[in-house]
Amino acid sequence: MNTPLKKIILVGGATLLPATAFAQDAPTAVPTEVGFILTTLLFLIAGFLVFFMAAGFAMLEAGLVRSKNVTMQLTKNMGLFGFACLAYYIIGFNLMYPADAWTISNILGAFSPTSLEPVGLAAADADLSYASVGSDFFFQLMFCAATASIVSGALAERIKLWPFLVFVIILTGLIYPIQASWKWGGGFLEVANFQDFAGSTVVHSVGGWAALTGAIILGPRIGKYKDGKVTPFLGSNLPLATLGAFILWLGWFGFNGGSQLAMGTVGDIADISRIFVNTNAAAAGGVVAALIATQLLYKKPDLTMILNGALAGLVSITAEPLTPSIGMATLIGAVGGIIVVITIPLLDKFRIDDVVGAIPVHLIAGIWGTIAVVFTNPAATIGAQLFGILTVAFFVIITSSLVWLILKVIVGIRVDEEAEIMGLDRSELGMEAYPEFKTN
Amino acid sequence: MKLVIATIKPFKLEEVRTALTEIGVKGMMVTEIKGYGVQSGHTEIYRGAEYDVNYVPKIKLEIVVTSDMVDQTVAAIEESAKTGKIGDGKIFVLEVQQAVRVRTGESGEDAI
């Protein structure tokens, strides 16, 4: 329900909805300043929690790449965040939320930079049924940046910095906002009753598809697949990777909780509480499932897969964190945990080199989570869910493949062999993450 | 003078050091190394992919002793480093031409 549609429903359609409609779809309470203030507060708090997920991605990726590429991975994470913020401000936000200013109705939003309310907004001028524009923009911006963070991990250790950042600008300025407008901006996927509460498809699968097309077009790291055998490259720092996974878990409370998009009523705050509990339960389910699965399959638990399992649990519950019971949320997350343990080696079979497991976690668990909505939310239909998944897949695969291929032809997206073997830290940056230790 | 080079399992270091101190060995050089011998490597699994660990972590000891101490030293290492399982390590004995204590300029056995 990550859509300011409520605004539209309340103003234009309140009388069309039966009184028995879901509370989150049609707040019946008269909008008050208190509601405006609390919902704005929700966006600000949830927004900085989602912001912190950028740190989670950075640490997870820094820990899972080899030590010779750590500085570059951190540079990409910081760089992509900066460019995502600019792109979303200049074009993304209004493209995603055009209100009634669609360029092509329900398909292509408005082209204009974001502007805020005047300083010292008067209550009479505020949209009391929702929240301040600044808080809404801030919250939504963080989702957009998270989408780009997903891509960087999959393509680590071999992609050139600048072509990657150019891709990020196009992803966060155009690809993400356009497809997000179809659901959260009130476009044709919203009309088609596609359900995606906080973005298993709209955010995670988009990052996942962009990562998948990038990984295929970029090719695997040198030496990863040799003579039909997979050679694993061990992560450089598992404490950092674990810290990253825990930070992402924390940030997810904002990601899903904030997507309630309202905190002005008893129903809303109780729903946000449900969402927190279910989000947490799904992550726990993912951890336990991945821990047991790796123990059984490989005789020893694999921490890196357990971290992926937690994140896959979180992605799985993101499409519907409100309606499941705690037990059901745990189960949905657990299936996500199993998915990563099965699909990580499967990608290796296809010689698709995903350094941190971004594709299993964000794409495959994202698809699962979007389908799983039908188990607990009676408003969802399998047909609409599949329509949403496939529409977004089609759009993102085409657009991101095009961008990757154009970049590949014009400037090249891959560092040369010597630079890759030496490590991007020394070859591209001349700055090592751990200069006092030997690298490998 | 003899140089005794021993590779041992890392967790045995303290036991070996204690045994050598007891028989009067006054110093040693300790290095963390990786290598392989009869034990060869083993396989591990990372993210579902099996890989060979070709080099096993070991501790290398280098000890210079007087010629009359060498048998005792080798015996002490052998006894204290032994677990009876594969990978217990090896001991080599080499001739040492000369030894000098840098601080005093003493040389030969006096420098050990």
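User: Which residues touch the most other members of the largest nonpolar core?
Analyst: This is a predicted model. In it, the largest nonpolar core has 123 residues, and A:Ala84 and A:Ala211 touch the most other members.

User: And which helix gives the most to this core?
Analyst: Helix H2 of chain A, residues 33-64, with 14 residues.

User: Back to A:Ala84. What does it touch, leaving out residues up to four places away in sequence?
Analyst: A:Ala84 touches A:Cys144, A:Ala145, A:Ala148, A:Val168 and A:Thr172.

User: What about a second core, how many residues does that include?
Analyst: The second core is separate and has 14 residues, among them B:Ala6, B:Val16, B:Val25 and B:Leu61. As background, nonpolar side chains tend to be buried together in soluble globular proteins.

User: Chain A as a whole, then. How many helices and strands?
Analyst: Chain A has 15 helices and two strands. Its radius of gyration is 21 Å, close to the 22 Å from the globule rule for 440 residues, so chain A is as compact as a globular protein of that length. The C-alpha trace of chain A spans about 65 × 45 × 40 Å along its principal axes.

User: How much of chain A is buried?
Analyst: Buried residues are 54% of the 440 in chain A. Among contacts in chain A with a separation of 6 or more, 79% are between residues 24 or more positions apart.

User: New topic: helix H9 of chain A. How far does it reach from first C-alpha to last?
Analyst: Helix H9 covers residues 266-298 of chain A, 33 residues in total, and reaches 48 Å, close to the 48 Å expected at 1.5 Å a residue.

User: What follows H9(A)?
Analyst: A:Lys299 follows, and its phi is positive, near 70°.

User: Where in chain A does pLDDT stay under 50?
Analyst: Over residues 5-26 of chain A, for which the model has 27 contacts beyond four places in sequence. For chain A overall, the mean pLDDT is 92, and 92% of the residues reach 70 or more.

User: Last one, the two chains. How many residues of chain B are in contact with chain A?
Analyst: Six residues of chain B are in contact with 12 residues of chain A. On the chain B side, strand S3 (42-46) and strand S4 (49-53) are the elements that give two or more residues.

User: What classes are on that side of chain B?
Analyst: The side of chain B that touches chain A has four nonpolar residues, one polar and one charged.

Technical notes: Residues are numbered from 1 along each chain as its sequence is written. Chains are lettered from A and ligands numbered from 1 in the order in which they are written. This is a predicted model: local features need pLDDT of at least 70, side-chain atom pairs count only at pLDDT 80 or more; totals for chains, interfaces and linings use all residues. Two residues are in contact if their C-beta atoms, placed from the backbone, lie within 7 Å. Helices (H or I, at least four residues) and strands (E, at least two) are DSSP runs, numbered from the N terminus. Ala, Val, Leu, Ile, Met, Phe, Trp, Tyr, Cys and Pro count as nonpolar, Asp, Glu, Lys and Arg as charged, and the others, Gly among them, as polar. The radius of gyration is taken over C-alpha atoms; the globule rule is 2.2 Å times the number of residues to the power 0.38. A residue is buried if 20 or more other C-beta atoms lie within 10 Å of its own, exposed if 12 or fewer, and partly exposed in between; C-beta atoms are placed from the backbone. pLDDT is the predictor's confidence in each residue, from 0 to 100. The expected span of a helix is 1.5 Å times one less than its number of residues. A nonpolar core is a set of buried Ala, Val, Leu, Ile, Met, Phe, Trp, Tyr and Cys residues joined through C-beta atoms within 7 Å.
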